[in-house]
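Reader: I would like a close look at one part of this model, the aromatic rings and how they pair. Please take me through them slowly, and then through what lies around them.

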Amino acid sequence: MAKVGWLNEQQISELVTVCHDSYEMQCDWGKAKIAAAEYSVDEWGVEPTLTATLLVYKRAKAAWHGTVMKVKKENKKWN
């Protein structure tokens, strides 16, 4: 069983990428949060706190909306 612990900014950024990519494949934010938490346990042996998990989720969701806006902008160029 992994210990609950603190993550540094680099680890949080890595988890944001995992969460974002997981959402892109599964289209389910709940599963994306779980994937990020499991990644943390597998890579660093640390279960993220609830606060860290929610931070990762919010940043990943913001990144996802940025990706959507970028794609929409690119599509307008071709129409």
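Author: Tyrosine 39 has a relative accessible area of 23%, so it counts as partly exposed, the class between under 20% and over 50%. This value, like every other one here, is computed from a predicted model. Tyrosine 39 forms an aromatic pair with tryptophan 44. The ring centres are 5.7 Å apart and the planes stand at 85°, which makes the pair edge-to-face. Tryptophan 44 is also partly exposed, at 26% relative accessibility.

A word on the description itself. A pair of aromatic rings is described by the distance of the centres and the angle of the planes.

The surroundings of this pair come next. Tryptophan 44 is in contact with glutamine 11, which also touches Trp6; neighbours of glutamine 11 within four places in sequence are left aside here. Glutamine 11 belongs to helix H1, which covers residues 9–26. With a relative accessible area of 16%, glutamine 11 is buried, because the limit for that word is under 20%.

Glycine 45 sits in the loop between helix H2 (29–44) and strand S2 (46–48). Its relative accessibility is 31%, and so glycine 45 is partly exposed. Not counting residues up to four places away in sequence, glycine 45 touches Ala2, Lys3 and Ser40. For lysine 3, the separation from glycine 45 is 42 residues along the sequence, but 7.0 Å in space from C-alpha to C-alpha.

Back to the rings. Four aromatic pairs turn up when the whole structure is searched. In one of them, tyrosine 23 and tryptophan 64 have ring centres 5.0 Å apart and planes at 80°; this pair is edge-to-face because the angle is over 60 degrees. The two residues are 41 residues apart, and the pair links distant parts of the chain: tyrosine 23 is in helix H1 and tryptophan 64 in helix H3. Tyrosine 23 is buried, its relative accessible area being 15%.

Tyr23 and Trp64 are also members of a cluster that ring pairs link together, along with Trp29 and Tyr57.

Tryptophan 29 leads on to the nonpolar core. The largest such core has 14 residues, and those with the most contacts inside it are Leu7, Cys19, Trp29 and Val56. Helices H1, H2 and H3 (50–78) each supply at least two residues of this core. H1 gives the largest share, five residues. In soluble globular proteins, nonpolar side chains tend to be buried together.

Val56 also has a place at the one cavity of 30 Å³ or more that the structure holds. The volume of the largest cavity is about 40 Å³. Besides Val56, the lining is made of Leu15, Lys33, Ala36, Ala37, Pro48 and Thr53. H2 and H3 are the elements that give two or more residues to this lining, and the largest share, three residues, comes from H2. By type, the lining divides into five nonpolar residues, one polar and one charged.

Methods: Residues are numbered from 1 along each chain as its sequence is written. This is a predicted model: local features need pLDDT of at least 70, side-chain atom pairs count only at pLDDT 80 or more; totals for chains, interfaces and linings use all residues. Side-chain values use heavy atoms; hydrogens and water are left out. Helices (H or I, at least four residues) and strands (E, at least two) are DSSP runs, numbered from the N terminus. Buried means under 20% relative accessible area, exposed over 50%, partly exposed in between (1.4 Å probe, protein chains only). Contact means heavy atoms within 4.5 Å. A nonpolar core is a set of buried Ala, Val, Leu, Ile, Met, Phe, Trp, Tyr and Cys residues joined through side-chain atoms within 4.5 Å. On a 1 Å grid over the protein atoms alone, a cavity is a set of points where a 1.4 Å probe fits but cannot get out, and a pocket is an open set with protein on both sides within 12 Å along at least five of seven lines; lining residues have an atom within 4 Å of a point. Grid points are joined across faces, edges and corners, and a volume is the space filled by probe spheres set on the points. Ala, Val, Leu, Ile, Met, Phe, Trp, Tyr, Cys and Pro count as nonpolar, Asp, Glu, Lys and Arg as charged, and the others, Gly among them, as polar. Rings of Phe, Tyr and Trp (its six-membered ring) pair if their centres lie within 6.5 Å; planes under 30 degrees apart count as stacked, over 60 as edge-to-face and the rest as tilted.
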